[in-house]
Amino acid sequence: MARTFLSAGRRFFLTASRCLTYRQGQSPEARIREYFYYIDHQGQLFLDDTKVKNFITCFKDKQFLVFFFKQLRKNSTGRYQEFPYVSLCGRERNFVRCDDLPIVFTHLIKGEGSEEEVLSYCGGGDKLAVRFEPERLFMPENGRVYHPAPERSGSVGLVKSSLAFELSPHFEYLASSPESDPPSHFHWNGQRFRLTNELSSLIQTEEPT
């Protein structure tokens, strides 16, 4: 389990392996700034060192969120690997860690100018959305629900718990399968979809953050 401490404006991020220090807005090289963020399981974005993380303290500006999440990708900078993701915004490096996954689907909505259903994520409305593919939903043993996400952000996202609760009655389980097995089918808009469960390998290999 990670613990955090604040001393003289510098943040200490303590893990089992090392003590990581950072300062919001630090400049490790000329004209480069670094910031550190956290995404909770509701898809809310916070500065990592925010002491109380709730709806009041999360970022809510839609334009900022859309830009931030469209730039989000795996952290391959070689810096701060404890933050598995990074959003590169001009001269800013925004390092990101999360409760589960950085993409959290919060609403199922109609696409702009279309009857196609899309899953919106992380406060971006229809500007941050992917096509809803019922047959690709996946529910592992932890009871959470996952759906494909943009490849640059890890290819898989978490469905927010309240939305997953709304979807849960539509799952079908094989009567003969063990309780630990994922559902086999999903009923939606009068159709019965056989679940591919193709996301299982991505979920199993995803390291906790």
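The model is a predicted one, so local features need pLDDT of at least 70 and side-chain atom pairs count only at pLDDT 80 or more, while totals for chains, interfaces and linings use all residues. Residues are numbered from 1 along each chain as its sequence is written, and side-chain values use heavy atoms, with hydrogens and water left out.

The sheet is open and mixed, with five strands in the order 5-4-8-7-6. Strands here are DSSP runs of E, at least two residues long, and helices are runs of H or I, at least four, numbered from the N terminus; two strands pair if DSSP finds at least two bridges between them. Strand 5 (45–47) and strand 6 (72–74) sit at the edges with a single partner strand each, so one side of each lacks a neighbour in the sheet. Strands 4 (33–39) and 5 run antiparallel over three bridges, and Y37 has L47 as its bridge partner in strand 5.

Salt bridges (a side-chain nitrogen of Lys or Arg within 4 Å of a carboxyl oxygen of Asp or Glu) number eleven. One of them joins R79 and E34 at 2.7 Å, N to O. R79 lies in the loop between strand 6 and strand 7 (85–89) and E34 in strand 4, so the pair ties together parts 45 residues apart in sequence. E34 is buried at 0% relative accessibility, whereas R79, at 28%, is partly exposed; buried means under 20% relative accessible area, exposed over 50%, and partly exposed in between (1.4 Å probe, protein chains only). Another bridge, at 2.6 Å, N to O, pairs R97 with D48, and both residues are buried.
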